Amino acid sequence: RKIVGEIWEQLKNGAPVPSDNLILIEGFDRYLIVNCCLGELANRALGYIIDQRLSRKELIRNWWADAYRILIELTVGINESNFRQLVKQVLPSTPEEAEKDFYERINERFPFGYYMKFVAERFGVIERGLCLGEERLLDLYSRFKQTPVYDETIREVLQEKIDIETVKKMVSAIRSGKIRVENRFSIGKPTPISYHILNKYAEIP
């Protein structure tokens, strides 16, 4: 009943229901919510891609992802005049662009220092059980770049934590028309389906 009620509220508000063949990008306050049902690993990969794309114009403050949506906190408020322009910058236009953005993000601000620590421990190049702060985790990237430690970290991340291939397939499906992308600018309150991630991470009433 709760699920049916939520979808009914979504439709009653005139908003599309996200699915495996429809992505809904919603703007609310200073947040963009990309509702896409790709699963947690693919949405995490898409989050890194979006982060890289919006960082080029210093538009992103933070982001979070779950299996059904990505929440992006912007450095600017969203209004009717800038919403469409912001939406255009979110998704890559080709699978090659998606992959390029992902690896650029890794090279500029390596986000997998935590995983690299465990790989380095297994290789025996750092002591096991060390408690490393954020800065020292970032140092691991420059220390072990272009080494087997880096290669193994990326291999494990792409296998267990990130699904870039599904994102590339999604981009291809958007280009071919198999997946539709719809946009919605919400004033006053977000749609019921977007509210879940906003309620979890954002400071909104």
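The points below cover a surface patch and some salt bridges.

1. Please keep in mind that this is a predicted model. With that said, the structure holds 19 salt bridges, and a few of them are worth a look together.

2. Start with R30 and E73, which form a salt bridge with their closest N and O atoms 3.1 Å apart. R30 sits in the loop between β1 (22-28) and β2 (31-35) while E73 belongs to strand β4 (residues 69-74), so the pair ties together parts that are 43 residues apart in sequence. Are the two partners buried or exposed? R30 counts as partly exposed because its relative accessibility is 25%, whereas E73, at 10%, falls under the 20% cut-off and so counts as buried.

3. D66 and R69 also meet through their side chains in a salt bridge, at 2.9 Å from N to O. R69 has a relative accessibility of 9% and therefore counts as buried.

4. Next, have a look at E99 and K168, whose side chains form a salt bridge of 3.2 Å, N to O. This pair links distant parts of the chain, with E99 in helix α4 (residues 95-108) and K168 in helix α8 (residues 164-176), 69 residues apart. E99 is partly exposed at 30% relative accessibility, and K168 is buried at 16%.

5. Salt bridges that share partners also build a network, joining R53, R56, E97, K100, D101 and E104.

6. Finally, I3, I7, W8 and L11 make a nonpolar surface patch of about 440 Å². L11 lies in helix α1 (residues 2-12) and is partly exposed, with a relative accessible area of 48%.

Notes. Residues numbered from 1 in each chain as written. Predicted model: local features only at pLDDT ≥ 70, side-chain atom pairs only at ≥ 80, totals over all residues. Heavy atoms only, no water. Patch = residues over 30% accessible without salt bridge, like charges linked within 9 Å, V, L, I, M, F, W, Y side chains within 5 Å. Areas by Shrake-Rupley, 256 points an atom, 1.4 Å probe, with all protein chains shown as cover. Salt bridge = Lys/Arg side-chain N within 4 Å of Asp/Glu carboxyl O. Helix = DSSP H or I, 4+ residues; strand = E, 2+ residues; numbered from the N terminus. Buried < 20%, exposed > 50% of the residue type's maximum accessible area, 1.4 Å probe, protein only.
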